[in-house]
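Please examine the sequence and the model shown here before reading on.

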Amino acid sequence: MNIIVLDLEWNQNSFGKKERNSDEPVFEIIEIGAVKLNENYEIIDKFSQLIKPQIYHTMHRITADLIHLQMKELEKGKDFPVVMKEFMEWCGEDYIFATWGPLDLLELQRNNEYYKLEPLSDGPIKYYDVQKLFSLGVMKDKTRKTLEFAIDYFQIEKDVPFHRAFSDAYYTAKVFQKLSNPDILQFVSFDTFHIPKDKKEEIKIAFPGYFKYISRGFESKSEVMKDREVASTKCYLCHKNLKKKMRWYSSNGKNYYSIAYCDIHGYVKYKCRVKKSETGKYYAIKTSKFITEEKMKKLQDEWNKDKKVKKMKNKILPNQK
């Protein structure tokens, strides 16, 4: 299997969201750059193409300052559907994407849908988020670093300028080569532009230290949290249903938390993020991981404190009418 290391440059409306038609993508892709790696993580091919703008014909000042491209240069490019066809043919049949961060695949699919082209996938796309891999494998935390930071960390020669699609894809590939360790590469990511269509296609995957579950779509947030699989507190090692030590709660309506206890493996913390898909349906991304008793008590204290604050607000607010 080849690895397609992808990077995009995009432009946006210079006059703000109010001047944008609702059916237009916020970001219009103006350049696609990519590097193809073989199974030995060697660079075997490259792709670079400018795209002629069809939506935004004025270059946003931030975009112009960052990538140093002018509209007259982009006018020499090809239309997005043509470039996309060439790019997908270049990718071949057996490949996995790699990007620096989670945005490129998302924007590529948004532009793809705007032109009513064949979708990259009808469900979540598994890919390598090289930025995340660098954080987990090198920095040993969840801190998101810049691409240039990673290049400097590995002392990779800066032989091409940054902030163009091909050059950033090239540098991302160079960092990826340094991370090509099975222990690091097992931490794959999933793009959810297209969420699982049904229960059979839901994502369930165990990583070292935690478990991830991506649900199908629901009509409302409340339906998500009422679903048996979403709300369940199982031990992902022995698959037993566990008794909750802290029932599901949320302080913001987006992230929900719960804690349960396994007699064999200890305390399990569950975090469930409820997100809205491109089609307007709601879905859950739930992670579960083992925690210490000390961490469990700290979370319980935070939960009890939050409940007290909500009770106080409920008592005060009626008298303020």
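Is Glu75 buried, partly exposed or exposed? Glu75 is partly exposed, with a relative accessible area of 38%; buried means under 20% relative accessible area, exposed over 50%, and partly exposed in between (1.4 Å probe, protein chains only).

## Basis of the report

This is a predicted model, in which local features need pLDDT of at least 70, side-chain atom pairs count only at pLDDT 80 or more, and totals for chains, interfaces and linings use all residues. Residues are numbered from 1 along each chain as its sequence is written, and side-chain values use heavy atoms, with hydrogens and water left out.

Side chains of opposite charge can pair when their charged atoms come close. A salt bridge is a side-chain nitrogen of Lys or Arg within 4 Å of a carboxyl oxygen of Asp or Glu. By this rule the model has 16 salt bridges.

One of them joins the side chains of Lys52 and Glu75, at 4.0 Å from N to O. This pair links distant parts of the chain, 23 residues apart: Lys52 is in the loop between strand E3 (43–50) and helix H1 (61–67), and Glu75 is in the loop between helix H2 (71–74) and helix H3 (80–91). Helices (H or I, at least four residues) and strands (E, at least two) are DSSP runs, numbered from the N terminus. Lys52 is partly exposed, at 30% relative accessible area.

A second example is the salt bridge of Glu219 with Lys281, at 3.7 Å from N to O. These residues are 62 apart in the chain. Glu219 is exposed, at 53%, whereas Lys281 is partly exposed, at 34%.

## A pair within a helix and a network

Glu293 and Lys297 form a salt bridge whose closest N and O atoms are 3.6 Å apart. Both residues belong to helix H11 (residues 293–316), and because they are four residues apart, about one helical turn separates them. A network of salt bridges links Glu107, Arg110 and Glu278.

## Helix H3

Which residues of H3 are buried? They are Phe80, Val83, Met84, Phe87, Trp90 and Cys91. Seen down the axis of H3, these buried residues fall within an arc of 125° (taken from the directions from the helix axis to the C-beta atoms), so they line one face of the helix. On the other side of H3, Lys85 and Glu89 are exposed.

The cover over the buried residues includes strand E1 (2–12), strand E2 (27–37), E3, strand E4 (95–99) and helix H4 (103–114), where contact means heavy atoms within 4.5 Å. Gly92 follows H3 and has a positive phi, near 90°.
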